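Open the model in your viewer and keep the selection panel handy.

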Amino acid sequence: MLAERLEDEPDTARDAPAPAASVRSLSKSFKGVRVLEDVSFDVAEGEALVLLGASGSGKTTILRVIAGLERPDTGNVVLHGRDVTELPARERGVGVIFQSYALFPRMTVEQNVGYGLRIRGRKRRERREKVESLLELVHLLDQRKKLPSQLSGGQQQRVAIARTLAYEPQMLLFDEPFGALDAQIRVRLRREIRALLRDINVPALFITHDQEEALELGDRIAVLHQGHLEQIGTPQEVYNRPETEYVATFLGAANLLLGVVARDNRVELGTVAVEAGAEAARFHVGQPVKLVFRPEDVRVSRPGGELPADCNPLANGVVEEKHFVGAYERLNIRLDLVARAPRPGEPPLYEISETPERRLGVPVIITRTKSEASAKPLRVGERVTLCLTTFRVLPNFPLASERGGRVLDTQK
Amino acid sequence: MSTAISAMRHVRGFDPTKPFGLGMVILLMLPLVLLPLASIFIFGTSSGLRSFWAALTAPDAVFALKLSVVTSFYATLFNVLFGLLAAYVLSRYTFFGRTAIIVTISLPTAIPTAVAGFALLLLWGKYGMIGRFISEDHQLMFTPYAIILANIFVTFPLAFGVLMSVFETMDKSLEEASATIGATRWQTFWHVTLPSLRGAIVTGALLTFARAIGEFGSTILVSGNLAGSTQTAPLYIFAKFNEGQVEAANAVAIILALFSFAIFSILFFARDWIEGK
Ligand SMILES: Nc1ncnc2c1ncn2[C@@H]1O[C@H](COP(=O)(O)OP(=O)(O)OP(=O)(O)O)[C@@H](O)[C@H]1O
Ligand SMILES: [Mg+2]
C-alpha cells in the first residue's frame, strides 16, 4: 500500500508543470532597513514575468538575488527544480541583461558574445559558429568587429542579449532594459525582444517602473511596493481587477470613491447607492470601502438620455473641464455626491471640497473615445448622468500588507 | 568658471588680464623651472660634446645610472604587482580595519624621505630591531636591496593610489556580468578587470619609476653611498658636486632630466592611448 502511494506521488508531481523558476519568501535587509519582505512568485517555462514597482521598491534586489549577486536573508531561489540559493552567480546559468548592458568595453561585439563560450573552453570553430548564429538572430552580423562604444543603445542591448544566449541560460533577467533608450525606440525594441523571447522560449523576468511597458511585455505582472508583492496576475487581471488601491492607481488612472457597504450588495457613496453585486458581496455590511473605476469605464449622457443596458448607474454631475488629449477626450466631472453625516463609528465619508465658490460634490475624471465624443458632444457646464461598465470595490486601505492583522476581512 | 569666461567675451575693448596674467606666469616660470633646467643642458654641453660623453661614460657614472634604473625597475615591479593585489583586496572586500590599512599604506607620502630612510635603518640596520638578528653576511642595509626597499617604501603609495582610485570608480556591473556569464574570479580578473586597469597600471608604473629613479633622501641613508657599489645616480650627482667635479655631476643630471621628460611626455601626451581611447 505504502509502496503504491510512493510510486504514485512522483507521477502526479510530473503532471503539474514545474515552474522554471520560483522564489520562495525572500526577505532582505540592507543595514537594518527592510528592502524585501516575504516575496514569493513563480515563473513558468517560457513565460515573461514583469516586476513592476516604483523606484526603490526592491525590484533590482530581487533580480540580484535570483542571479546570485546578492544573498537573501531568508528564502530560497529554485531554478528548474534545483535550489540554487547557496550557489555562486557563475554556477547558476542565469542570463542578466544589466541596465547599463555592462558590455566589456575592450572586447569587440564578437568577443563579447563569445565570452561565455571562451571561458568554458569551447573550441574556436564552435565558438565562431555559435557567435555568428547569435549575431544573426539579433541582426548584428555586420557590426561584429565594432567595439561596444561604437554602437547605439539599442544595438548594445542586443549584444548584451546575445552574450547571455550564447551559454543557453536557464532564465533571462532584464533590469530596466529600456531605461536608457528614448521613447520611440523603446516601443520598437520591446516588441522585438518579445518576439525574440517567443522564438527562443526561455523564461524571462523583466523589471520596469513603466506601466505601459509592463502591460505590453508581460505574460504576467507582479506589482511590488516597498518590498511587498501587492498582486500578481495577467495584465488583464492586474489592470481590470486590481486587488489593492495601490495597484489600481499605479497601473493607469483610477477614480476612487469612498463608501460604505450597505444591504442588498449596494455600496453607499454619500447620498447615492450603487448596485455592486458580487463586488460588494465580498464585504460586511457597514464596512468602509472604496469604489474604484477607470476613467474609460464610465459612460455619460445628458440626463434622460440613454445609457447602455449593462451599465451600472452611478450619479449625476456637471462637466467642469474638457480636454482634447489626442486619441481621446478627457472630462472632469463633479458628481453631486453630497456626504451625509457619518453614523456613529463610521469614518467621515467624504472630504467635501468646499472651494471658494462653495462647490459641493466629488470630482472624477473620465475619458471618451473620439467617436463617442463626436457622437455625443458635451459642453462645459452641462449636466450629465454617469454609469459604470466595470468597477471594483476594494477595502479602504491602500496596500495588501495592511490587510493583515485587521479585523475586517474581505473574504467574508 | 565658464560663465565668467563667456561673460568676459561680451566686454568690449582691451582686456588687460590676458597679456598681463600670461606675462606673470611666464615670468615666474622662467626662474623657477625653465632656466634651471636649461642651465643643465647649456652647462653640460658648454665644453663640447666630447667631454660630456667622457663624463657620462666614466665607470662610476655608468654604474650609478644602471643601479638607479635597476633598483627603480624592481621597485616598480613590486609596486604594480602588490599595488594591484592591495587595491583589489581593499576595494572588493569590506572588513574590519579596512580604512586603517588604506591610511597606513598611504602614510609614507606624508613622511619626509630622510625620515623614511632613517626609519628603515633603525629597523634593518646592524643594530636595528630586526637587523640585529640577521647574520653579518646577510645584512640588508648598505646593499642594493636596501635601495629597492627604500624606493618601495617611498613610492608604494603612488602606485597604490592610482590603482585604488580606478578600482573604486570601476563599473562593478562589468565584473558582475562576467560572473553571471560563468567566469571564475580569476577569469573575471584576467579578462575583464585587468584590461580596464591598463591605464592605471601604466600610469602607476611610470609615476613610481620617475619618483624612484630620482630618490635621494632615503637612499643616501640606507645605501651607504659607495661609488661603484651602492651609489645611485642622484647620489653620484651629489658626490661629484661635493668633490667639485661639476661636469661629471652635470652629465648624469642631464640623463636623469631626460628620463623625467620622457616619462612626463608619455603621461601627458599618450594619455588617450593609456586610457584605451
Ligand atoms: N547594496 C545596497 N546597500 C544598501 N542599500 C541598498 C543596496 N541595494 C539596494 N539598497 C536599497 O534597497 C532599496 C531597494 O533597492 P532596489 O535597487 O532593489 O530598488 P529598485 O526597485 O530597483 O529601484 P529603481 O527603480 O530605482 O532601480 C532602496 O531603498 C535602496 O536604497
Ligand atoms: Mg533598479
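At what angle do helix H4 and helix H9 of chain B pack? Select residues 59–92 and 185–213 of chain B: these helices pack at an angle of about 140 degrees, with their axes 9 Å apart. Axes here are lines fitted to C-alpha atoms, for helices over the stretch in contact, and angles run from 0 to 180 degrees between N-to-C directions. Helices (H or I, at least four residues) and strands (E, at least two) are DSSP runs, numbered from the N terminus.

Before moving on, some ground rules. This is a predicted model, in which local features need pLDDT of at least 70 and side-chain atom pairs count only at pLDDT 80 or more, while totals for chains, interfaces and linings use all residues. Residues are numbered from 1 along each chain as its sequence is written, chains are lettered from A and ligands numbered from 1 in the order in which they are written, and side-chain values use heavy atoms, with hydrogens and water left out.

On H4(B) the contact includes B:Phe73, B:Val80 and B:Tyr88, and on H9(B) it includes B:Arg185, B:Leu197 and B:Phe209. The contact residues divide into 14 nonpolar, 5 polar and 1 charged. In this count Ala, Val, Leu, Ile, Met, Phe, Trp, Tyr, Cys and Pro are nonpolar, Asp, Glu, Lys and Arg charged, and the others, Gly among them, polar.

**Ligand 1.** Now select ligand 1 and the residues around it (a heavy atom within 4 Å). Among them are A:Phe30, A:Lys31, A:Lys59 and A:Glu176. Look next for polar contacts, meaning pairs of N or O atoms within 3.5 Å. A polar side-chain atom of A:Thr61 lies 2.5 Å from a ligand oxygen atom. From the backbone, an N or O atom of A:Gly56 is 2.8 Å from an oxygen atom of the ligand, and a polar atom of A:Ser57 is 3.2 Å from one.

**Two sheets in chain A.** Strands pair if DSSP finds at least two bridges between them. The open antiparallel sheet S13-S12-S11-S14-S20 has 5 strands, with S13 (272–275) and S20 (392–395) at its edges. Select A:Val267 in this sheet to find its bridge partner, A:Val274 of S13(A).

Finish at the open antiparallel sheet S15-S19-S16-S17-S18, also of 5 strands. Its twist averages 45 degrees from one strand to the next. Strand S17 (328–335) is joined to S18(A) by 8 bridges, and A:Arg334 has A:Pro363 as its partner there.

Definitions and conventions: Contact = heavy atoms within 4.5 Å. Polar contact = N/O pair within 3.5 Å; in protein donor to acceptor, adjacent residues only side chain to side chain.
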